[in-house]
Structure formats: structure tokens, C-alpha cells
Amino acid sequence: MQFTNTQKRSAAWCSIAVVATLAIWLLAPVLTPFVIAAVLAYALTPLVNWLVESCKGYLPRVLAVLFVELLLIIAVLGLLLLVVPIVAKELPLMREQLPQVVDRLKTSVLPWLAQFGIELSLDTASIKAFALKYLNANYEEALSQLMSSLKLGSSVALAIIGNAVLVPVALFYLLMDWDAFIARLVRVVPPSMRHAFDEMTDEADMVLGQYLRGQLLVMLIMAIFYAVGLSLFGLDLALPIGVFTGLAMFIPYVGFGIGLLLAILAGLLQFASLKALVMVAVVYGIGQLVESLYLTPRLVGERIGLHPLAVIFALLAFGQVFGFVGVLIALPASAVLLVAMRRIMLRYMSSKLYKE
């Protein structure tokens, strides 16, 4: 059987795609810091270029890169430091109010659950003794025990430390040489395909820009929603918990989960009643529904041309195949794949295979 040149080229490109996908899948844990750095470099390169051009050559690119990376680090640390006032305020309250909270759970929550046929039994004495043993312990002793239990030779500790170091380093080099790096990638594309490749990358760049703007808008709206919603219930730490939950949503599910736990803890310690659970159920329940069923599909999914079901499927599919890295790149990668699929469909619709 004789293959045409078109069939041979198609087979070659399909083979390259399969090998590249397999390599990414196998190296997913190693690629994590580089993928994060590449996504950040793509988003921050326009800002670096704008700083260099605005200063008309008086600001070296290396200083612009360091300034932008410093701003990013400050923003990330600021997000993490939102948790500090929560922890600083809640730990003393936990020691003081934990016995009362446990007693309230036994006398109010358990009978309420029993009305719905949910029978639970709590050994309140053991729970209070176990919790107070650790809450009343010396913090320095607890920290030393934690550090001794965390073996520095373990893969988990090395991965955390390695990623914390590699992401800023990789981001620095990518921001310095982003245009040159992209030019090298373009040179790999055969000249006969260069025009089509440029058109596809330009469209993908536009779609990804819309995705980033949509995601930032979702984060801002949800930060305001959670802060206002928690404050309406009278939660003292409504502002830091609400803002943290909204801004941490750039990591799907993880940011929401951490914010939910912080709100439950703060509510139970402040109100020590069913009001805390009602507050969390109302605010976070409505917030999750609005964000997942309306804001993300509309502000993010529609801007990149993805159906709401496609957005949900992309998050689940990429997360299943590539793990945490897949969750981070699911929507941007889907946007690029969507652009490619559109062009493939156009070529297929105009081909002899379709018309005959």
C-alpha cells in the first residue's frame, strides 16, 4: 500500500504528538516547577516588555525582570500572610473555647442531626483531653517535633523545597529570554507550515489573554463576595478569610477548600453554635454554585470559547492525567487545543475526504 506525502506528514506529526504527550505524562512531577514558571512568564512578559519600553532603554531588562519577580513574590507572600492574623487570633481562642465548643456540639448539633435520622455519638471527654494536650503544649517543642518528624531526605520535603527554589529561578531565565525562546521554537516549524502556525499562535495568544483577564475577574468578584457574605453573619475575620478564599481560587478546589476550613474553624470558635455551620453552608454553598455554574463558565469559559461542560471536563481530565500540574494548565491548554481543533475542522471540511 502506497502512502501519499500528505499521509506521511500527518503520520509523522501524529507520532511526534504521541511521543510528546507520553513524555509530559511520565515527567509530570519533574515538570511542575517549569510549567508553573512558564505560565507565569507568559503572563508577566508583557509587563516586563512594557517597563523596558517605557523607560526607553534606561532600565536594563534584568532590572525590569527582578522588579516584576519581586512584585510577584510580595503578592504571593501577602496572600499567605492573610492567614497569619487568623492563626494568631484563633489559637488562643481554641485553647479557651474548645471545651465549650465540644459541649455545644454534643448538646445542640447531635440532637438536631438525630431529627434527620443521623445518629452520632461523641466521647467528649477524650476529644477535649486529646485536643487540649496539644493546644496547651509549648509551641517551640511542637515545632521541634514537627521538624524532626519531617525527614529532609524524603521526596515530599525535597519536592517542596525544590519547587520553591526552582520556580523563581526558572521564571527569571524565562522572563529574560522569553522572546528568544519563542523564536527558537518557531524555527523548528517547517517553513511551509510557518504561516499557518503563526496564525494559530496569534489566535491562541488572544484566547489565552482573554482567559487570564476572565480568571482575574472571577477571583476579584469572589473575594468581595466571600468577605461581604461572612461579614453579614458578623464574623470578625471575614475580611482576611474572604479575600484569601477568593484570591486562592487560581488553584482550583485547593483555595476554596482551605478557605472553607478556615471559615468553619473561625465560626465555631466565635459563635460556638449552629450559626457557624449555617454561615459556612450559606456563604460557601452559594459562592461555589455561583462561581462554578455561572462565573467561571461565563467569564472564563465563554471568553475562550469553551462550553461550561467542557470547562468541567477539562479540569477533571487534565487533573486525572497530569495531577496538580494538569489542574493548573487545564483551561489554558484547552483553549489552545480548541484553536487547533477549529483549524483542523476547517481543513477537514474543505478536504476531498469530506466533500466526496
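Student: Which residues have the most contacts inside the largest nonpolar core?

Tutor: A core of this kind is a set of buried nonpolar residues joined through their side chains. In this predicted model, the largest one has 27 residues, and those with the most contacts inside it are Tyr226, Leu230, Leu235, Ile241, Met279 and Tyr284.

Student: Which helices each supply at least two residues of this core?

Tutor: Four helices do: H8 (194-232), H9 (238-247), H10 (254-271) and H11 (274-301). H11 provides the largest share, eight residues.

Student: And how many residues are in the second core?

Tutor: That core is separate and has 14 residues, including Val48, Ala64, Val65 and Leu171.

Student: Is Tyr284 buried or exposed?

Tutor: Residues under 20% relative accessible area count as buried. Tyr284 has a relative accessible area of 2%, so it is buried. Tyr226 is buried too, because its relative accessibility is 0%.

Student: How many aromatic pairs does the structure hold?

Tutor: It holds five aromatic pairs. To read a pair, look at the distance between the ring centres and the angle between the planes. Take Trp178 and Phe181: the ring centres are 6.3 Å apart and the planes meet at 40°, so this pair is tilted.

Student: What kind of pair do Tyr226 and Tyr284 form?

Tutor: Planes under 30 degrees apart count as stacked. Tyr226 and Tyr284 have 25° between their planes and lie 4.7 Å centre to centre, and the pair is stacked. This pair links distant parts of the chain, with Tyr226 in helix H8 and Tyr284 in helix H11, 58 residues apart.

Student: Where does Glu291 lie, and what does Glu291 touch?

Tutor: Glu291 is in helix H11. Not counting residues up to four places away in sequence, Glu291 touches Val218, Met222, Met249, Thr296 and Pro297.

Student: Is Arg298 buried or partly exposed?

Tutor: Arg298, which is also placed in helix H11, counts as partly exposed because its relative accessibility is 39%.

Student: How many residues of H9 are buried?

Tutor: Seven of its ten residues are buried, and the helix is mostly covered. The buried residues in H9 are Ala238, Pro240, Ile241, Gly242, Phe244, Thr245 and Gly246.

Student: Now the surface. Which residues form the nonpolar patch?

Tutor: The patch is made of Leu22, Trp25, Leu26, Leu27, Val30, Phe34, Leu166 and Val321, with about 750 Å² of accessible area together. Helix H1 (5-26) and helix H2 (28-54) give two or more residues each, and H1 gives the most, three residues.

Student: Where is the place of Leu166?

Tutor: Leu166 is in helix H7, which covers residues 155-188. Leu166 counts as partly exposed because its relative accessible area is 34%.

Student: How many helices and strands does the chain have?

Tutor: There are 14 helices and zero strands. Of the chain's 356 residues, 31% count as buried. The chain exposes about 22100 Å², and carbon and sulfur atoms supply 73% of that area.

Student: What share of contacts joins residues at least 24 apart?

Tutor: Among contacts between residues at least 6 apart in sequence, the share is 69%.

Definitions and conventions. Residues numbered from 1 in each chain as written. Predicted model: local features only at pLDDT ≥ 70, side-chain atom pairs only at ≥ 80, totals over all residues. Heavy atoms only, no water. Patch = residues over 30% accessible without salt bridge, like charges linked within 9 Å, V, L, I, M, F, W, Y side chains within 5 Å. Areas by Shrake-Rupley, 256 points an atom, 1.4 Å probe, with all protein chains shown as cover. Salt bridge = Lys/Arg side-chain N within 4 Å of Asp/Glu carboxyl O. Buried < 20%, exposed > 50% of the residue type's maximum accessible area, 1.4 Å probe, protein only. Core = buried A, V, L, I, M, F, W, Y, C linked by side-chain atoms within 4.5 Å. Phe/Tyr/Trp six-rings, centres within 6.5 Å; stacked < 30°, edge-to-face > 60°. Contact = heavy atoms within 4.5 Å.
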